[in-house]
Amino acid sequence: MQRLCVSDNRRFLTLEDKTPFFWLGDTAWELFHKLSLEEIDYYLRTRAGQGYNVVQAVLLSELDGIHTGNYYGKKPLGETEQGYDPALPLLEGEFSYWDMADAVIEMAGKHEIYLALLPSWGDKWNLAQGAGPVVFNEDNAYAYGRFLGQRYRNCNNIVWVMGGDRDLHTLKHFHIIEAMVKGIKDGGAAQLMTMHPMGCKSSSHYFHEAKWLDFNMLQSSHGSRNYPNYRMVETDYHKMPVKPTLDGEARYEDIAVGFQPSNGYFDEHDVRQSAYWAVFSGAFGYTYGHNSIWQMIRSTEINETYIMDWKRALTRAGSRQMIFLKELMQKYSCFDWVPASYLVKNNPDGANHMTVCKGSDYIMVYSPNGVPFEFINDMDFKPIKSLRWFCPRNGEILIQSESVSESGKMIPPSAGRGQDWVLIIR
């Protein structure tokens with residue numbers, strides 16, 4: 001596999017040969033910790049067949065990934081009198097934790113999957129509400145990073161992701177992250193790097209000007225329906241220096257809204273809305289997530305919080321529909337799009353907000369609920385050669401002669417919650 005690179009215009013990712021790369025990610029934080037190799041192969045094979053090309057996972061995982069071993073009972077770190085030490089990765093014995101990590105990274109490459117790899121979840125340096133324990137300081141963060149850099153410097157299918165869903169409250173937290181980065185680089189690793197922030201923030205909040213941060217990752221999170229992640233993407237898009245950005249953790253399918261089952265669960269419409277909002281606002285891709293997949297829930301763990309097992313979740317509607325977004329952007333966009341939501345007249349905020357992406361010879365408008373809309377009077381893309389409607393639910397293209405009313409409104413083929421449409425103008 002070719003390594004990923006930042007495009008010449010600093011807005012997108014490409015392969016080393018300049019082929020455009022649309023990031024379609026899945027969230028599998030507990031991949032290294034909970035599954036067997038056979039299960040991991042099934043997961044990766046399934047996702048690759050569905051069009052996913054990135055998987056986000058964690059080496060020192062959130063769910064007590066230091067105290068408890070992986071599927072085979074192997075732990076990642078050795079101990080001293082002071083406790084577990086990231087400077088002492090456990091390498092001895094038959095098929096160590098790191099032997100399995102090697103096998104998973106190689107397996108992902110065979111399935112043409114890039115791993116957006118977190119060296120550690122954030123509770124290992126800022127406990128907050130997590131299981132911990134806090135094990136990192138500046139010195140062992142560097143040693144651990146150097147170990148990873150040396151071990152995986154030749155793995156082209158890795159993107160390094162610092163952070164791990166925790167805020168940086170003190171200068172010590174910044175020093176730990178930066179020491180780990182330096183260790184990885186001193187170990188010889190030259191793959192792309194970003195940071196996974198806590199909810200409702202972006203890596204740009206902490207490290208935008210850092211030279212090691214190749215692109216921004218934001219987490220719009222799971223707090224409410226219609227959360228305007230388009231604003232977060234647009235904010236990153238306009239920052240200087242120019243760097244690519246994407247929503248690396250949006251509302252997961254089948255997670256309780258605001259983490260309260262009494263509020264109901266995010267469904268495929270919520271997933272599509274956040275995905276098209278993000279990409280049409282300037283993101284170079286999108287990471288999907290499902291509440292049962294990120295921690296690989298088994299049938300014995302199903303309850304009102306995790307309503308199905310991870311294998312069943314692989315075929316959920318929103319999960320399957322993400323490929324239509326990837327195919328749309330690969331077919332029509334030529335990877336030259338810029339956000340242009342200002343083209344919609346009186347564009348509302350909230351559930352009906354229209355996001356627009358514009359290229360050299362096309363404009364695409366996302367209407368989340370099929371609500372009609374008008375363009376501003378001074379739009380600069382006439383004459384129109386073709387006008388079509390794209391359905392995010394099934395990937396079909398429709399041509400409707402009734403798409404434009406006498407008043408100039410663009411009228412989607414249907415309206416209502418779950419009836420989202422994309423207008424494609426060439």
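Student: Which residues touch the most other members of the largest nonpolar core?

Tutor: This is a predicted model, where local features need pLDDT of at least 70, side-chain atom pairs count only at pLDDT 80 or more, and totals for chains, interfaces and linings use all residues. Residues are numbered from 1 along each chain as its sequence is written, and side-chain values use heavy atoms, leaving out hydrogens and water. A nonpolar core joins buried (under 20% relative accessible area, 1.4 Å probe, protein chains only) Ala, Val, Leu, Ile, Met, Phe, Trp, Tyr and Cys residues through side-chain atoms within 4.5 Å. The largest one here has 60 residues, and those touching the most other members are Trp-23, Tyr-276, Phe-280, Leu-328, Met-329 and Met-364.

Student: How many residues does the other core have, apart from that one?

Tutor: Leu-77, Ala-141, Tyr-206 and Phe-207 are among the members of this other core. Its residue count is 59.

Student: Which residues of helix 8 make the contact with helix 7?

Tutor: Helix 7 (residues 229-237) packs against helix 8 (residues 268-280) at about 20 degrees, with the axes 8 Å apart. That angle makes helix 7 roughly parallel to helix 8. Contact means heavy atoms within 4.5 Å. Helix 7 brings Asn-229, Tyr-230 and Val-233, while helix 8 brings Ser-274, Trp-277 and Ala-278.

Student: Is Glu-396 buried or partly exposed?

Tutor: Glu-396 sits in the loop between strand 18 (387-390) and strand 19 (397-398). Leaving aside neighbours within four places in sequence, Glu-396 contacts Trp-389, Phe-390 and Cys-391. Exposed means over 50%, and partly exposed lies between that and the buried limit. Because its relative accessibility is 46%, Glu-396 counts as partly exposed.

Student: What distance separates the C-alpha atoms of Glu-396 and Phe-324?

Tutor: Along the chain, Glu-396 and Phe-324 are 72 residues apart. Between their C-alpha atoms, the separation is 8.8 Å.

Methods
Axes fitted to C-alpha atoms, helices over the stretch in contact; angles between N-to-C directions. Helix = DSSP H or I, 4+ residues; strand = E, 2+ residues; numbered from the N terminus. Parallel < 35°, antiparallel > 145°, perpendicular 65-115°, else oblique.
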